Amino acid sequence: MAQTDFAKIVVFVDGGNIKYVTSCELAADAQNQRIDVMNEGLAGFSSGSGSVTINLGFVVPIGGLEVDYWGKCVRREYVEFQVWVGGQKYAGNGKIDTCDISQQTNSPTDGKLTWTGEFREFES
């Protein structure tokens with residue numbers, strides 16, 4: 001079996017490369033609407049509005065947040081996310097829906113956020 005290298009996810013927020021990412025998950029939701037007819041059942045679909053959700057995990061350096069995720073969430077600012085997966089990237093504008101920051105004994109201060117944005121394809 002041949003060996004191969006695998007893609008690494010790289011995250012940019014508002015144009016800046018984020019160094020302290022601990023996890024990143026992208027999810028596309030087309031929000032297709034079923035069209036059912038009484039006699040035949042599923043007849044097709046109507047296009048939904050669609051959205052992309054990014055769940056990001058991060059650690060907090062002693063000097064504070066790398067990006068003011070909390071402030072951007074509270075101020076309801078638009079935030080541009082770019083996520084590179086290998087040679088392709090997703091880029092879209094959206095808002096941070098939730099931001100959680102916590103610490104446990106013998107662990108670094110860390111956080112997670114959920115961002116919802118534009119329904120777009122990956123670009124090469």
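Which side chain does Lys72 meet in a polar contact? The close-ups below, all taken from a predicted model, start with that one.

**View 1. Lys72 and its partner Asp14.** The side chains of Lys72 and Asp14 are joined by a polar contact of 2.9 Å. Lys72 sits in helix 1, which covers residues 69–74. Is this lysine buried or exposed? Lys72 counts as buried because its relative accessibility is 14%, and the cut-off for buried is under 20%. Setting aside neighbours within four places in sequence, Lys72 touches Asp14, Val67, Glu77, Val79 and Ile96.

**View 2. Where strand 1 meets strand 2.** Strands 1 and 2 run antiparallel and are linked by 2 bridges. Look for Val13, whose bridge partner in strand 2 is Gly16.

**View 3. The largest pocket.** This pocket holds about 160 Å³ of space. Which elements give two or more residues to its lining? They are strand 1 (9–13) and strand 3 (21–29). Sorted by class, that gives 6 nonpolar, 2 polar and 2 charged residues.

Key. Residues are numbered from 1 along each chain as its sequence is written. This is a predicted model: local features need pLDDT of at least 70, side-chain atom pairs count only at pLDDT 80 or more; totals for chains, interfaces and linings use all residues. Side-chain values use heavy atoms; hydrogens and water are left out. On a 1 Å grid over the protein atoms alone, a cavity is a set of points where a 1.4 Å probe fits but cannot get out, and a pocket is an open set with protein on both sides within 12 Å along at least five of seven lines; lining residues have an atom within 4 Å of a point. Grid points are joined across faces, edges and corners, and a volume is the space filled by probe spheres set on the points. Helices (H or I, at least four residues) and strands (E, at least two) are DSSP runs, numbered from the N terminus. Ala, Val, Leu, Ile, Met, Phe, Trp, Tyr, Cys and Pro count as nonpolar, Asp, Glu, Lys and Arg as charged, and the others, Gly among them, as polar. Two strands pair if DSSP finds at least two bridges between them. Buried means under 20% relative accessible area, exposed over 50%, partly exposed in between (1.4 Å probe, protein chains only). A polar contact is a pair of N or O atoms within 3.5 Å; within protein, one must be able to donate a hydrogen and the other to accept it, and residues adjacent in sequence count only if both atoms are side-chain atoms. Contact means heavy atoms within 4.5 Å.
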